[in-house]
Structure formats: C-alpha cells, structure tokens
Amino acid sequence: MKRIFIIGAALVMALAVLSGCGKQESETFIEKTVFENILSFNVTSSNVKKGVWDEKITNTERGENISPELSWDAVDGAKQYVVIMIDGAWLHMDVFTTETSLAEGAIGRGSRGEQYVGPYPPSGTHTYSVFVFALKNDMGKVPLFFDSGNNSIDAIYQKLDTDIDGASGNVIAYGRLDGNYTHKD
C-alpha cells in the first residue's frame, strides 16, 4: 500500500511539472479582486499582442517609455473613467478622464491623475494589468501612490467606489486588460 502511494505521488508530481513546461508564469498576476461581482466591459490595446506588451511602452533600455494606446466600451451613466496600470502592487499609470480611449504616448510623467511610467521589472515575467473603472460621479483626482509599491487593486477600488460625499457604489463597472513583460538582461 505504501509503495502504491509513493508511485502515485511521484506520478502526480511528474504531471504537475510537465503541465507547467513551456508556460511563463508571472510573478505579479492579480487573480482575485473584491469587485468581480460588478458589471464588466471590454478594454483593448494595439500594444498587447498575444498577451505580451510591446517593448516600446517599457521604461527599459529597449523601450521608449510611452503610454500604450487603450480603448474601452462606453458605460451608460459614467461621468468619469479612471485608468490604472498596476504590476501586483506597483502603480504605473493613473489617468482620470471622460474619454473612452487614450492615444499611444498621450500620457507622460505628469501631475496626479495624468501619469505614466512604463514597465521595468527587476527580473522575471510580470503581468501589467490595466483596469478602467467607470464612475457614477466625478471624483476629481484621487491621490494614489504612483510609481510605488504601496498599492493594492482592492484599496484603489475602495477609494474610487466612495464618492466625494462619502456614499459607496460610485463604481458602475470595470474593464481589465492583462499583458506580460519579461525582464531582458
């Protein structure tokens, strides 16, 4: 019986290793959020191809540090959209807009609510997720921890979901687009 268990455990481990071959796992993929139960909409970018961000949007020797082109569906009742790019807890973009698209290179290192710095992973593969939140009420420009690892997508959502008067339910819907970028030596 013990021998069968050991053989079975070895087979399970071998299958687990083989099933992971060829996959490039991200160190920073956001799996779950507190807001998955609200409506969602599509976000697209010509700068993501087959799940990988173009190198030109990166803040690396090979990149140009230009913000990606982004488009998303209009949401009925939305007075403002907040666009963020986050790598786990590191905030790379925060944009507050009434538009439903951003042109490539439109956002630089500006003031709060109009900021971008491209991906620059220290090592490995990181997932850079763009979230677009459709808001019922204009929030102005909520202070977020730009170009810092002191963020969480859930905390950002909580800030945006509470309007200026303190009422919750300000986020009508959200969209998400994930793309990976791998550090190159």
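Trainee: Quick one to start. Where does Asp147 lie?

Mentor: Asp147 sits in the loop between β10 and α2. Keep in mind that this is a predicted model.

Trainee: What is the phi of Asp147 near?

Mentor: Its phi is near 50°. That is a positive value, and Asp147 is not a glycine. Most residues other than glycine have a negative phi.

Trainee: Let's zoom out. How many helices and strands are there in the protein?

Mentor: The protein has 2 helices and 11 strands. From the N terminus on, the order is α-β-β-β-β-β-β-β-β-β-β-α-β.

Trainee: What share of the residues counts as buried?

Mentor: Of the 185 residues, 41% count as buried.

Trainee: And what share of the contacts joins residues at least 24 apart?

Mentor: Take the contacts between residues at least 6 apart in sequence. Of those, 74% join residues at least 24 apart.

Trainee: Which residues are on each side of β10?

Mentor: One side has Thr125, Thr127, Ser129, Phe131, Phe133 and Leu135. The other has His126, Tyr128, Val130, Val132 and Ala134. Both faces are covered.

Trainee: Which strands does β10 pair with?

Mentor: Strand β6 (residues 80-87) pairs with β10 in the antiparallel sense, over 7 bridges. Strand β11 (residues 171-182) also runs antiparallel to β10, and 11 bridges join the two.

Trainee: What is the bridge partner of Met85 in β10?

Mentor: Val130 is the bridge partner of Met85. Val130 also stands opposite Leu177 in β11.

Trainee: What holds paired strands together in general?

Mentor: Strands of a sheet pair through backbone hydrogen bonds, either parallel or antiparallel.

Trainee: Which strands form the open sheet?

Mentor: That sheet has 3 strands, in the order β2-β5-β8, with antiparallel pairing. Its edge strands are β2 (43-44) and β8 (101-102), and each of them pairs on one side only.

Trainee: How many bridges link β5 and β8?

Mentor: Strand β5 (residues 70-72) and β8 pair over 2 bridges, in the antiparallel sense. Leu70 stands opposite Leu102 in β8.

Trainee: Helices now. Which residues of α2 are buried?

Mentor: In α2 (residues 153-161), they are Ile153, Ile156, Tyr157, Leu160 and Asp161. Seen down the axis of α2, the buried residues fall within an arc of 130°, so they line one face of the helix.

Trainee: What covers them?

Mentor: The cover includes β6, β7 (90-97), β10 and β11.

Trainee: What does Thr33 touch?

Mentor: Leaving aside residues up to four places away in sequence, Thr33 touches Ile153 and Asp154. Thr33 and Ile153 are 120 residues apart in sequence, yet their C-alpha atoms are 7.2 Å apart in space.

Trainee: Where is Thr33 in the chain?

Mentor: Thr33 is in the loop between α1 (2-20) and β1 (39-41). Thr33 counts as buried because its relative accessibility is 11%.

Trainee: What about Gly124, where is its place?

Mentor: Gly124 is in the loop between β9 (114-116) and β10. Its relative accessibility is 28%, so Gly124 counts as partly exposed.

Trainee: Which residues does Gly124 touch?

Mentor: Not counting residues up to four places away in sequence, Gly124 touches Glu27, Tyr181, Thr182 and His183. Gly124 and Lys184 are 60 residues apart in sequence and 8.2 Å apart in space, C-alpha to C-alpha.

Trainee: Last topic, pockets. How much space lies in the largest pocket?

Mentor: About 160 Å³.

Trainee: Which residues line it?

Mentor: The lining is Thr60, Glu61, Arg62, Tyr120, Pro121, Tyr181, His183, Lys184 and Asp185. They divide into 3 nonpolar, 2 polar and 4 charged.

Note on methods:
Residues numbered from 1 in each chain as written. Predicted model: local features only at pLDDT ≥ 70, side-chain atom pairs only at ≥ 80, totals over all residues. Heavy atoms only, no water. Buried < 20%, exposed > 50% of the residue type's maximum accessible area, 1.4 Å probe, protein only. Helix = DSSP H or I, 4+ residues; strand = E, 2+ residues; numbered from the N terminus. Pairing = 2+ DSSP bridges. Arc of directions from axis to C-beta. Contact = heavy atoms within 4.5 Å. 1 Å grid on protein atoms, 1.4 Å probe; cavity = no way out; pocket = protein on both sides within 12 Å on 5 of 7 lines; lining within 4 Å. Points joined across faces, edges and corners; volume = space filled by probe spheres on them. Nonpolar A, V, L, I, M, F, W, Y, C, P; charged D, E, K, R; others polar.
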